[in-house]
Amino acid sequence: MKELFLLRIFEGSAVALITPMKADGAVDFKKIDELVEWHINEGTDAIVACGTTGEASTLANAEHIAVIEAVVKKVANRVPVIAGTGVNDTQHAIELSTGAEKVGADALLIVTPYYNKASDEGLFLHYQEIAKSVKLPIILYSVASRTNMNIEPLMVKRLAQIPNVVAIKEASGNISQIAEIARLLPEDFTIYSGNDDQVLPIMALGGRGSISTVANIAPKQTHELTQAVLAGDFALAKELQLAQLPLIHAIFCEVNPIPVKTAVGLLGKIEPNFRLPLSAAKGETVERLKKEMTAYGLEVN
């Protein structure tokens, strides 16, 4: 029954946390602890571990669950922890989802199948089987720019009939589509912005927060933006959203998460190491990041 999941997973700003790595490619768990503590102190309302920005597609199963567990332990019930467990094989997604549940995640973020894609029926069954395997609430993740698969509004409505499918991270970029989802779905189904440059318009349509990349370097400001909208202060929200746009454009000038992980490095919080096929940011990207971060008031090392 849907009543079991009436409480929203979170309202406000969730950071799509980067996964810090050492020079040899190993996950840097000490830096995970430091980043989590910083985010909580800066007002971040929830933490997403092992999403796109966390380079989840390069993590082995054991690493994937270990990163989620590390975040859960450091958070210590202070904010919700959302585990990214979506992959393009349903059984693999079930294994990751049940693993995340065992180590204490509060919710799951599950992207649509990529590469092999699916028919409408296959997509529904994919989510249904994952949902049946766990007791956690599930956030759908629609990001066709990466998966080549969109979740259409009527499919969102159908998927929302699954008791523990309670929300969507909408990163289609299509405001008309998001408006239609808001029209079709009941108020207890939560919409989260998946695009940093659309937080205000998506929340103006009824969204309750964002799952944010830019929050990796501006957590306090991103929290304040979402809180302004939730409080109905649209003038302040507009000011905050527009002020952040040049920084947002900079952190997406190369494929995510290359620029934002580089930017976290420029803050002095990590060494910006990547796993192939991701590689170091271009020189011009680094200079652009320095410029926009400084202009935004961030202290660059």
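A crossing of two helices is right-handed if the near helix is turned clockwise from the far one by less than a right angle. By that rule, α2 passes α3 in a right-handed crossing. The model here is a predicted one. Helix α2 spans residues 61-75 and helix α3 residues 90-102. Their axes lie 9 Å apart, at an angle of about 30 degrees. From α2, the contact draws on N61, H64, I65 and I68. From α3 come H92, E95, L96, G99 and A100. By class, this contact has four nonpolar, four polar and one charged residues.

Helix α3 also packs against helix α4 (residues 120-132). Again the angle is about 30 degrees, and the axes are 9 Å apart. That angle makes α3 roughly parallel to α4. The crossing of α3 with α4 is right-handed. T90, A93, I94 and S97 in α3 meet H126, E129 and I130 in α4. Three of the residues in this contact are nonpolar, three are polar and one is charged.

## The barrel

Eight strands close into a barrel. Their order is β1-β2-β3-β4-β5-β6-β7-β8, and the pairing is parallel. On average, neighbouring strands are turned by 25 degrees against each other, direction ignored.

Take β6 and β7 as an example. Strand β6 covers residues 165-170 and strand β7 residues 190-193. Four bridges join these parallel strands. Across the pairing, K169 stands opposite Y192 in β7. Helix α7 (residues 175-184) packs on the sheet and touches both β6 and β7. The direction of α7 makes about 165 degrees with that of β6.

## One aromatic pair

How many aromatic pairs does a search of the whole structure find? The search finds one. Its partners are F10 and Y192, and the pair is stacked. The ring centres are 4.2 Å apart, with 5 degrees between the planes. F10 lies in the segment before β1 (12-16), while Y192 belongs to strand β7, so the pair ties together parts that are 182 residues apart in sequence. Y192 is also the residue that K169 stands opposite.

## Helices α10 and α12

Helix α10 (residues 234-251) and helix α12 (residues 283-296) come within 9 Å, axis to axis. They cross at roughly 160 degrees. The two helices are therefore roughly antiparallel to each other. Their crossing is left-handed.

On the α10 side, the contact involves A243, Q244, P246, L247, H249, A250 and I251. On the α12 side are R288, L289, E292, M293 and Y296. The residues of this contact divide into eight nonpolar, two polar and two charged.

Most residues other than glycine have a negative phi, and most peptide bonds are trans. A few sites depart from this pattern. The peptide bond from N256 to P257 is cis, with omega near 10 degrees. P257 sits in the loop between α10 and α11 (258-266). The bond from L276 to P277 is cis too, with omega near 15 degrees. P277 is in the loop between α11 and α12.

A76 is not a glycine, yet its phi is positive, near 55 degrees. This residue is in the loop between α2 and β3 (81-84).

Note on methods
Residues are numbered from 1 along each chain as its sequence is written. This is a predicted model: local features need pLDDT of at least 70, side-chain atom pairs count only at pLDDT 80 or more; totals for chains, interfaces and linings use all residues. Side-chain values use heavy atoms; hydrogens and water are left out. Axes are lines fitted to C-alpha atoms, for helices over the stretch in contact, and angles run from 0 to 180 degrees between N-to-C directions. Angles under 35 degrees count as roughly parallel, over 145 as roughly antiparallel, 65 to 115 as roughly perpendicular and the rest as oblique. Contact means heavy atoms within 4.5 Å. Ala, Val, Leu, Ile, Met, Phe, Trp, Tyr, Cys and Pro count as nonpolar, Asp, Glu, Lys and Arg as charged, and the others, Gly among them, as polar. Two strands pair if DSSP finds at least two bridges between them. Rings of Phe, Tyr and Trp (its six-membered ring) pair if their centres lie within 6.5 Å; planes under 30 degrees apart count as stacked, over 60 as edge-to-face and the rest as tilted.
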